[in-house]
Amino acid sequence: MPQDVAALRQTLSLAPVIPVIVLDDISAARPLAEALVAGGLPVLEITLRTANALKIIEEMAKVPGAVVGSGTVRSALQMGHSVDAGCQFMVSPGASPRLLEAAEAHAIPLLPGIGTPTEAMTASEHGYSFLKFFPAEALGGVKVLKAYASPLPDITFCPTGGIDMAKAREYLALPNVICVGGSWIMPADAIAAKDWKRIEALAREAAGLGK
């Protein structure tokens, strides 16, 4: 099936910021998720970039209120693993035709990444109206998405890549942006120190951005 627009809209509307998580320490999974949810950021993207990513997903999915998805999804195999791990959505860095076709076999929605108007149009032709703009800052950021609004009025974006608190506010002011993805809410030193209160405070600040 094409992208489940209603399901993805509901998920992406839950908070203005989606934490993009790269984590390999299984023992940190639940407390990190609990801190983010407590701070008002329930939608969590766990990237499949570490050896324990799927176990991290399974642990975070046990946290009440957490809406867990997989990130850096690049193959049909990873899609199957995402479903088995309890994901409610998937995010990919790109939008190859083969990947978009593979997503049709799964019930949970995919948020494909794009970087150009051609890629956005290709995804749209496959039934996708919510797209990740990645890497956002490297590709021109707010100015580019503002330029996309008129020729691509039926597409809504979640920009990710190089975004911090200040830049997030600028993106969220655009009418074609539903939320942003970022990792500034989870500083590496805070995770290493297991400073969950600090992460919760940063999450609360990000959740206050609104839309």
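**Figure 1. Salt bridge between Glu-59 and Lys-62 in the predicted model.** Glu-59 and Lys-62 form a salt bridge in which the closest N and O atoms lie 2.9 Å apart. The structure shown is a predicted model. Lys-62 is partly exposed, its relative accessible area being 48%. Side chains of opposite charge can pair when their charged atoms come close. By the rule applied here, the count of salt bridges comes to 6.

**Figure 2. Salt bridge between Asp-189 and Arg-198.** The closest N and O atoms of this pair are 3.2 Å apart. Asp-189 counts as partly exposed, with a relative accessibility of 48%. Arg-198 likewise counts as partly exposed, at 35% relative accessibility.

**Figure 3. Salt-bridge network of Lys-197, Glu-200 and Arg-204.** These three residues are linked in a network of salt bridges. Lys-197 counts as exposed, with 64% relative accessibility. Glu-200, at 15% relative accessibility, counts as buried, since the limit for a buried residue is under 20%.

**Figure 4. The three-stranded sheet E6-E7-E8 and helix H7.** In this open sheet, 3 strands are arranged in the order E6-E7-E8, with parallel pairing. Strand E6 (113–114) and strand E8 (156–159) are the edge strands; each has a single partner strand, so one side of each is left without a neighbour in the sheet. Helix H7 (residues 141–148) packs on the sheet and touches E6, E7 and E8. The direction of H7 makes about 150° with that of E7.

**Figure 5. Pairing of strands E6 and E7.** Strand E7 (residues 130–133) pairs with E6 in the parallel sense over 2 bridges. Gly-113 stands opposite Lys-132 in E7, and Ile-114 stands opposite Phe-133 in E7.

Figure 6. E7 and E8 run parallel and are joined by 4 bridges. Leu-131 stands opposite Phe-157 in E8. Together, E7, H7 and E8 make a right-handed β-α-β unit.

**Figure 7. The six-stranded sheet, with strands E3 and E4.** A further open sheet is formed by 6 strands in the order E5-E4-E3-E2-E1-E9, with parallel pairing. Its edge strands are strand E5 (110–111) and strand E9 (180–182), each of which pairs on one side only. Strand E3 (residues 67–71) and strand E4 (residues 89–91) run parallel and are joined by 2 bridges. Ser-70 stands opposite Met-90 in E4.

Terms used
Residues numbered from 1 in each chain as written. Predicted model: local features only at pLDDT ≥ 70, side-chain atom pairs only at ≥ 80, totals over all residues. Heavy atoms only, no water. Pairing = 2+ DSSP bridges. Contact = heavy atoms within 4.5 Å. Axes fitted to C-alpha atoms, helices over the stretch in contact; angles between N-to-C directions. Salt bridge = Lys/Arg side-chain N within 4 Å of Asp/Glu carboxyl O. Buried < 20%, exposed > 50% of the residue type's maximum accessible area, 1.4 Å probe, protein only. Right-handed = clockwise from strand over helix to strand, strands pointing away.
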